[in-house]
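Hi,

Here is the structure I said I would pass on. Have a look at it first, and my notes follow below.

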Amino acid sequence: MKPIPSPQTQPREFLRALYDTAVQRALPAHSIAAHLPKPPKGRTLVLGAGKAGGAMAEAVHALWPQDAPISGLVVTRYDHVPPAYKALQQQGRARLEVVEAAHPVPDEAGRRAAQRIVELTRGLTADDLVLCLVSGGGSALLALPAEGITLEEKQAVNKALLKSGAAIDEMNCVRKHLSAIKGGRLAAMCAPARVVTLLISDVPGDEPAVIASGPTVPDATTCADALAILQRYGIDIPPAARAGLESGAFETPKPGDPVFAGHEVHMIATPQQSLEAAAALARQAGIAAHILSDEIEGESREVGKVHAALARAVARHGQPFARPCVILSGGETTVTVKHKGGRGGRASEFLLGCCIALQGQPGVWVLAADTDGIDGVEDNAGAIVSPDTLARAAARGLKAREFLDRNDVYSFFAALDDLVVPGPTFTNVNDFRALLVL
């Protein structure tokens with residue numbers, strides 16, 4: 001085990017160690033074995049989608065009995081197949097096929113993968129097992145529009161949702177009802193086979209119906225809910241989509257539907273588990289650790305202000321926590337994009353909002369990063385703020401408020417060499433935030 005960097009002398013390295021520990025805890029190889037069912041009398045079909053899809057498929061491939069037949073298809077984000085498993089596929093030794101598609105805006109590769117998954121469900125019997133591997137990002141990766149809606153129209157709605165500031169459960173409500181495969185529909189296609197779903201949660205509350213828009217679980221939301229969300233954020237939809245929602249033709253399978261009888265759902269990794277792993281590492285280093293919540297939502301920059309106020313209170317008054325300490329939080333914040341051309345995701349927006357509100361507070365360092373390794377669509381997971389961030393920016397002629405106002409937070413932190421760039425992590429339990437107060 002690597003020595004833990006000293007919080008007092010290596011604050012940046014210490015925060016990065018906390019992030020890496022949180023990510024490691026969420027890797028499927030650590031937890032999937034306990035949740036794998038026994039091979040069935042019939043065949044085993046593996047289907048899945050999500051940013052952790054490649055790593056989940058790799059874990060199942062390694063753990064499934066060699067004498068038990070298994071096959072299937074999993075779709076993950078571009079560049080999110082673990083290198084060792086990609087090599088197995090290239091050598092023709094992988095029992096499960098993993099393909100790549102676009103996220104967060106779906107593309108034709110995702111549509112083709114979803115169509116192939118639908119085709120694989122045909123001919124299943126009651127003796128068969130369908131093992132579904134679902135993680136965050138699966139909603140965009142399973143891109144099969146409802147009847148009468150084109151992929152281009154679905155892409156336009158998705159882009160509008162991403163820019164609107166809508167919460168993840170709101171976005172996924174709309175996505176479910178404009179899809180031919182999500183919102184429990186995939187499970188319905190698998191009947192009469194037994195379905196076991198293994199989940200990695202990336203959503204506040206760990207609600208299975210929200211993770212990847214719940215392709216294998218009942219959906220309690222309605223077409224009317226989807227219409228209300230679209231109206232709330234002023235998002236236009238094509239006539240066929242509106243007709244399907246208004247008529248109820250796009251309704252999803254509901255709780256209590258017999259199609260879900262006998263199905264199992266297991267959560268193999270959650271945001272809270274990752275926060276607890278990071279907290280345990282901090283305590284090993286002699287630093288008190290406090291977990292605020294794994295369910296924090298809201299506009300990223302505003303959530304950043306609140307975290308900054310808390311850190312300043314600890315630094316200046318020793319309330320509500322004594323220093324030194326680490327304050328941890330997770331969840332999924334949102335960004336309302338108001339200016340085109342800017343770069344950056346919600347972790348970076350959180351950080352710049354936090355940085356401005358901290359006002360260079362001595363003794364406070366902050367890391368915020370997405371556990372999938374990608375903040376939005378950039379190459380960074382997030383960034384780090386230090387007590388001298390604003391001073392270093394001013395010395396370079398960079399005005400933090402201007403970068404935040406134009407949604408260009410990536411450029412701000414890149415100019416200061418403060419980005420956190422781990423590359424794809426092959427898992428996803430969403431936002432990770434750590435504030436070190438010395």
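Which residue lies over the face of Phe350? Arg433 does, at 5.3 Å from the ring centre. A charge counts as sitting over a ring if NZ of Lys or CZ of Arg is within 6 Å of the ring centre and within 35 degrees of the ring normal.

Before you read on: this is a predicted model, where local features need pLDDT of at least 70 and side-chain atom pairs count only at pLDDT 80 or more, while totals for chains, interfaces and linings use all residues. Residues are numbered from 1 along each chain as its sequence is written, and side-chain values use heavy atoms, leaving out hydrogens and water.

Now the sheet. It is open, with six strands in the order β3-β2-β1-β4-β5-β6 and parallel pairing (strands are DSSP runs of E, at least two residues, and helices runs of H or I, at least four, numbered from the N terminus; two strands pair if DSSP finds at least two bridges between them). β3 (97-101) and β6 (264-269) are at the edges with a single partner strand each, so one side of each has no neighbour in the sheet. Strand β2 (residues 70-77) is joined to β3 by five bridges, and Leu73 has Glu97 as its bridge partner in β3.

Then there is helix α7 (residues 168-177): nine of its ten residues are buried, so the rest of the structure largely encloses it (buried means under 20% relative accessible area, with a 1.4 Å probe and protein chains only). Among the buried ones are Ile168, Met171 and Val174.

Cheers

Conventions. Buried means under 20% relative accessible area, exposed over 50%, partly exposed in between (1.4 Å probe, protein chains only).
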